[in-house]
Amino acid sequence: MAIADLFDTGSNVTEHEQLEDFLENASVGIHLVNKEGIILYANKAELDMLGYRKEEYFGKNIREFYGQQDEIESILSSLLSSEKLDNHQTRLRCKDGSFKDVLLSSNAYFREGTFIHSRCFTRDITQLKKSEKLLKFLNEASVQLSTMHDTGEALDEITKLIVPSFADWFVINELRSDGFAYLLKMGHANPEKAKWAQEYRTTHPIDINDPKEGSVGWAMRTRQALLVRDITPEIIQNGAKDKEQRELLEKLTISSVMIIPMLIKGVVTGVISFMSCNPKNKFDDEDFSFAKDFTNRIALTLENARLYEEVKKDIEDRIEADKKKDEFISIASHELKTPVTSLKAYTQILQTIFENEHNEKASGMLAKMDKQVNKLTRLIVDLLDVTKINKGEMVFDVQEFNFNDLVTETAEEMQRTTQNHTLILKLEPCEKIKGDRNRIGQVITNFISNAIKYSPEAKEIIIASGCNNHKVKLCVQDFGIGIAGHEHSQVFKRFFRTSAKSHHTFPGMGLGLYISSEIIKRHGGNIYFESTEGKGSLFCFEITSIDAVND
Ligand code: ADP
């Protein structure tokens with residue numbers, strides 16, 4: 001069946017007219033050009049798309065409507081050599097000077113080998129291209145924004161992303177918990193207008209109770225977003241509170257505006273205003289939906305940056321507090337050391353005097369006092385050690401010594417401090433090792449005194465050594481209260497004391513194991529433990545003779 005057979009032959013309208021009606025009402029743009037490129041015909045869809053009247057398009061050379069001359073030359077020469085074009089992406093100039101992205105499909109009509117005209121079909125894909133571009137932009141911006149930690153940095157980056165590629169003027173107003181709106185960031189593509197924009201914001205602060213629809217205050221209150229595609233002189237006239245404001249607004253030449261609230265968990269944290277100051281760039285629905293998405297991401301970025309800064313500040317505050325604590329410990333321990341030393345000296349002198357006078361009661365009391373002074377001295381020595389560790393001033397006096405002798409001596413000394421426990425030694429024969437004898441002795445003392453302190457009901461404590469190839473190992477095992485699993489990672493930390501309520505009666509400052517671990521680490525060794533709450537603990541260290549470490 002021929003196409004003409006489809007036409008309504010019963011009517012008075014000719015086939016020619018019916019064909020023309022068909023072309024005129026086609027939803028795609030259609031144009032025909034001759035071999036010189038002169039436009040012979042274009043349908044309504046094409047004229048509407050580009051904004052021309054018939055007389056402004058018909059008879060013109062198609063070359064005038066292409067931005068890229070080499071492109072149209074190549075299209076025309078392909079058509080002349082009877083090649084077809086399928087969905088070729090190109091851009092056509094509109095009457096207002098802007099360009100439309102189109103998909104062009106084209107072929108040529110030849111009669112007896114002569115090119116008569118082209119048949120060109122154009123489909124407007126400007127919106128599609130714009131959506132694609134905005135989506136790409138949104139994705140790229142999101143990746144960039146996700147790495148932002150600092151609010152100032154994030155705001156600068158956001159402004160760079162928006163101005164001028166998306167909006168000419170961009171403002172973020174923040175709504176703070178005091179109920180007032182604060183200017184967080186403003187960016188303007190034009191430096192001179194930027195000054196006026198700033199002046200405008202200063203002279204016209206945001207009124208959160210502003211009843212006017214479309215005002216920033218209104219958006220903050222109602223949580224509604226607004227797109228004003230076309231800012232007309234009437235809108236400016238009606239919107240301005242006074243002559244001064246109107247003049248300033250006119251100077252800023254706003255042509256289109258979008259006002260969008262930033263929400264975090266449903267709570268308004270501010271409002272972002274996007275403005276175009278170019279009459280050729282009016283925001284449309286596509287821009288509006290992009291701006292809403294982008295605003296969500298900006299709100300999240302700012303919230304993340306705020307949380308990050310809060311945590312950072314918290315950490316900095318803690319570091320500062322730790323520094324102050326360290327300073328206090330350093331001063332206090334140094335100040336305490338001298339009076340306690342003389343207290344000890346006087347106690348001993350008095351004790352000798354009373355002993356010589358055979359005043360047993362007084363000398364017995366002084367012996368007890370001496371014990372307490374010794375306890376006090378040990379606490380001060382621990383504090384001084386912490387100060388030395390902090391300042392990196394803990395010095396080691398390395399010498400050769402018999403490890404098992406040191407263990408035995410320390411154990412005997414500690415046995416004298418307890419009547420309830422029996423310290424059982426299980427020592428393997430050892431070679432002499434090199435290290436700081438006193439400091440390693442301090443670690444063994446700490447292990448044994450903890451074992452005694454934290455196993456009040458138990459009878460035995462096992463002290464075992466092992467030696468192998470310049471390496472020594474010592475473990476102290478008790479059958480006491482143990483340490484709960486969730487606290488294991490804290491045990492060697494400064495000031496750690498178990499949080500179990502039942503343990504609050506045990507005296508201590510939580511420094512012994514911290515100092516011990518520093519001593520062992522400085523000997524290049526390992527310190528570790530196993531413990532089960534209610535069953536007991538096994539504390540061990542291993543060190544290699546310093547000679548062997550250095551070899
Ligand atoms: P202190 O005993 O002076 O508090 P330490 O640094 O020596 O300080 O020990 C830190 C904490 O580790 C102790 O407060 C205690 O809670 C726990 N702890 C250490 N040794 C043992 C042990 N043998 N049994 C149970 N808990 C222990």
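Tutor: A term to begin with: helices (H or I, at least four residues) and strands (E, at least two) are DSSP runs, numbered from the N terminus. This is a predicted model, in which local features need pLDDT of at least 70, side-chain atom pairs count only at pLDDT 80 or more, and totals for chains, interfaces and linings use all residues. Residues are numbered from 1 along each chain as its sequence is written, and side-chain values use heavy atoms, with hydrogens and water left out.
Student: OK. Where is Tyr 346 found?
Tutor: Tyr 346 sits in helix H11, residues 285-356.
Student: Does Tyr 346 count as buried or exposed, and why?
Tutor: Tyr 346 counts as exposed because its relative accessibility is 58%. The cut-offs are under 20% relative accessible area for buried, over 50% for exposed, and partly exposed in between (1.4 Å probe, protein chains only).
Student: Switching to the ligand. Which residues come nearest?
Tutor: Of the 19 residues around the ligand, the nearest are Asn 450, Tyr 454, Asp 478, Arg 497 and Leu 513. Near a molecule or strand means that one of the residue's heavy atoms lies within 4 Å of it.
Student: How far is the side chain of Arg 497 from an oxygen atom of the ligand?
Tutor: An N or O atom in the side chain of Arg 497 is 2.7 Å from a ligand oxygen atom. From the backbone, a polar atom of Gly 510 is 3.1 Å from an oxygen atom of the ligand, and an N or O atom of Gly 512 lies 3.2 Å from one.
Student: How much of the ligand's accessible area does the protein cover?
Tutor: The protein covers 96% of the 530 Å² that the ligand has on its own. Accessible areas come from the Shrake-Rupley method with a 1.4 Å probe; for residues, only the protein chains shown count as cover.
Student: And which elements give two or more residues to the shell?
Tutor: Helix H14 (437-453), helix H15 (512-522) and strand E17 (536-544) do. The largest share, 3 residues, comes from H14.
Student: Last topic, Thr 122. Where is its place, and what contact joins its side chain to Glu 46?
Tutor: Thr 122 is in strand E5, residues 114-124. Its side chain and that of Glu 46 are joined by a polar contact of 2.6 Å. A polar contact is a pair of N or O atoms within 3.5 Å; within protein, one must be able to donate a hydrogen and the other to accept it, and residues adjacent in sequence count only if both atoms are side-chain atoms.
Student: Is Thr 122 buried or exposed?
Tutor: Thr 122 is buried, because its relative accessible area is 2%.
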